Amino acid sequence: MAFNFDQWVDRSHSDSVKWDKYRGSDIIPLWVADSDFTSPPAVIEALQRRVAHGVFGYSHPSPDLIEVFTRRMVERYGWHIKPEWIIFLPGLVCGLTLCVRACTEEHQSTLAPSLIYPPFRKAAKFAGREHLAVPLTVADQRWGLDFSSMPDRLNGSEKLLLLCNPQNPGGTVYRRDELLQHHQFAREHDLIVCSDEIHCELLLEPGVRHIPFATLNDDAAQRSVTLMSPSKTFNLAGLGASMAIVPNEALRQRLKRARSGIVPEVNLLALVAAQAAYQYGQPWLDEQLIYLRANRDRLAERINAMPGLTLLPIEATYLAWIDCSALPVDNPHQFFERAGVGLSAGLDFGDRRFVRLNFGCRWALLDEALDRMARACAALRG
């Protein structure tokens, strides 16, 4: 392997949110969604060259970055993006919040899956909008949205559907027929669709492919805001470079007005890193996916062998949504934390019976965490 994903990188004194949470404690942090892998060498080299330049004034996305990103969309998805459709943002979460504020009025409401990444719900709360949860249910061992019960719950105030594909925390990659169901629902109820596709390049299941919502048809494109970023794919989250792709000009102008004077431009080093990642990072990404697939497979085998735990197949992301409902404890997050493993609490995503585990780390660390979890589950049985 040309890139060493087993390499130990000490993050305990690097101002890491992930590692500082349990600093000074014997708790392995497998919670927030950044990986422990060093970014692609090409990214590090590009940043070092730019830092050596020594001037860090105001900057803007280069024509080369725009070209490499738009070409990548054509090559991977057959999606021909016009450069003017792209709004660069310093993070995907602010993109969610911007969408809520730009696409809804105070008397209008948002819809999003439940279970879901917490900022989906918080974006509506922070904007003072009502929010309606669309149930996420299991069918054929996959998490998916159930729109069947929704018509009777709608009151006409709904304006924005927040979609997450690949799904966080469930790991589902939606197929074309499933996305067409999303589109039909959006069209019937005249909804704008904000599609968070930040994990779209972390596909783990062979044969599964990502389909951007906006590529379904022209109507889907015209009612869509697609959020993408190299941050999860290449472990650049701390730099902050994301893109909102908005084909509809009127909608695009609403987002630009909503960000004016509030959301800053993307910083210079983030733009440099994004361009290097997209332009030269593919060999690194290919090997990272091999490593993550192996982590996923061994993780699934071990978790499903632990009494009280169930893990459904993970199609994408490096996040495992673990069902602890058969575990005889009131708070599984706290239970595993006491066992020395720091996971994300399921309650934050909508169900306290679950925990989310980040397996974007070297196998030796993951194996130690799983040993601790196994011992804790076994001890409950006496």
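Picture a 1 Å grid laid over the protein atoms alone: a cavity is a set of points where a 1.4 Å probe fits but cannot get out, and a residue lines it if an atom lies within 4 Å of a point. Here Q7, W8, V9, D36, F37 and R362 line the largest cavity. This is a predicted model, where local features need pLDDT of at least 70 and side-chain atom pairs count only at pLDDT 80 or more, while totals for chains, interfaces and linings use all residues. Residues are numbered from 1 along each chain as its sequence is written, and side-chain values use heavy atoms, with hydrogens and water left out.

That largest cavity has a volume of about 40 Å³, a volume being the space filled by probe spheres set on the points, with grid points joined across faces, edges and corners. Its lining splits into 3 nonpolar, 1 polar and 2 charged residues. For these classes, Ala, Val, Leu, Ile, Met, Phe, Trp, Tyr, Cys and Pro count as nonpolar, Asp, Glu, Lys and Arg as charged, and the others, Gly among them, as polar. The structure holds 3 cavities of 30 Å³ or more.

Now for the open space. Helix α2 gives the most, with 3 residues; helices (H or I, at least four residues) and strands (E, at least two) are DSSP runs, numbered from the N terminus.

Strand β13 (344-345) is among the elements that supply at least two residues of that pocket lining. It also belongs to an open antiparallel sheet of 4 strands, in the order β10-β11-β14-β13. β10 (310-311) and β13 stand at the edges with a single partner strand each, so one side of each has no neighbour in the sheet. Strands pair if DSSP finds at least two bridges between them, and 2 bridges join β13 to β14 (residues 354-358). A345 stands opposite V355 in β14.

What about the nonpolar core? Such a core is a set of buried (under 20% relative accessible area, 1.4 Å probe, protein chains only) Ala, Val, Leu, Ile, Met, Phe, Trp, Tyr and Cys residues joined through side-chain atoms within 4.5 Å. The largest has 75 residues, and L30 and L357 are among those with the most contacts inside it. Helix α10 (residues 268-280) gives the most to this core, with 9 residues.

How values were computed: Buried < 20%, exposed > 50% of the residue type's maximum accessible area, 1.4 Å probe, protein only. 1 Å grid on protein atoms, 1.4 Å probe; cavity = no way out; pocket = protein on both sides within 12 Å on 5 of 7 lines; lining within 4 Å.
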